[in-house]
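Subject: Structure handover

Hello,

I am passing this structure on to you. Please have a look at it first, then read my notes below.

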Amino acid sequence: MPSEYRLSSCLILVVVLQMMALPVLADADETPHLSEQGLYSVRFDSALDPIEINRIHSWLLHIETVDGQSLENAEISVDGGMPAHAHGLPTQPRVAANLGDGNYRLEGVRFHMPGSWEITITIEANGTTDRVVIALEL
Ligand SMILES: [Cu+2]
């Protein structure tokens, strides 16, 4: 095998391995959402991008304090719905894993119709409760 060919296969392998690692790391470039009391900044990265109607999927949440410290060991609950239709979510998404470094895996997310949705993420940590409302157009 010519050495140039071996080098390019090696580069392809490196690129493929980087792509496989991306879903875990991809939260960093998402838009931050500030919590109502201004305590936290929350970013989310949907495993389905773009989000599709009626497909259950997970989100990766990344939570930081406003001064940029990752929020570890928060109690997180999630609710949501479509205010214009006065209905909630068709599922009960919940945080299934605390991945450390302010990252939490939210499972069971599903939207059953297109339109304006709101997802409310309630964060309890260090004796305080704050929440973030994320508006989504699907
Ligand atoms: Cu609706």
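This is a predicted model, so confidence comes first, and pLDDT is the predictor's own confidence in each residue. The mean pLDDT of the chain is 86. Of its residues, 79% reach 70 or more. One stretch needs caution: over residues 11–29 the pLDDT is below 50. Beyond near neighbours in sequence, that stretch has 7 contacts in the model.

Next, the overall make-up. The chain has 138 residues, and 19% of them are buried. It holds 1 helix and 9 strands. Read from the N terminus, the order of elements is α-β-β-β-β-β-β-β-β-β. On contacts, take the pairs of residues at least 6 apart in sequence: 53% of these contacts join residues at least 24 apart.

Now the sheet. It is open and has 5 strands, in the order β1-β2-β3-β7-β6. The pairing is antiparallel. Which strands stand at the edges? They are β1 (33–34) and β6 (94–100). Each has a single partner strand, so one side of each is left without a neighbour in the sheet. As background, strands of a sheet pair through backbone hydrogen bonds.

Take β6 as the example to look at. Its link to β7 (residues 103–109) consists of 5 bridges, and the two strands run antiparallel. To find one of these places in the model, go to Ala 97: its bridge partner in β7 is Arg 105.

Best regards

Note on methods
Residues are numbered from 1 along each chain as its sequence is written. This is a predicted model: local features need pLDDT of at least 70, side-chain atom pairs count only at pLDDT 80 or more; totals for chains, interfaces and linings use all residues. Two strands pair if DSSP finds at least two bridges between them. Helices (H or I, at least four residues) and strands (E, at least two) are DSSP runs, numbered from the N terminus. pLDDT is the predictor's confidence in each residue, from 0 to 100. Two residues are in contact if their C-beta atoms, placed from the backbone, lie within 7 Å. A residue is buried if 20 or more other C-beta atoms lie within 10 Å of its own, exposed if 12 or fewer, and partly exposed in between; C-beta atoms are placed from the backbone.
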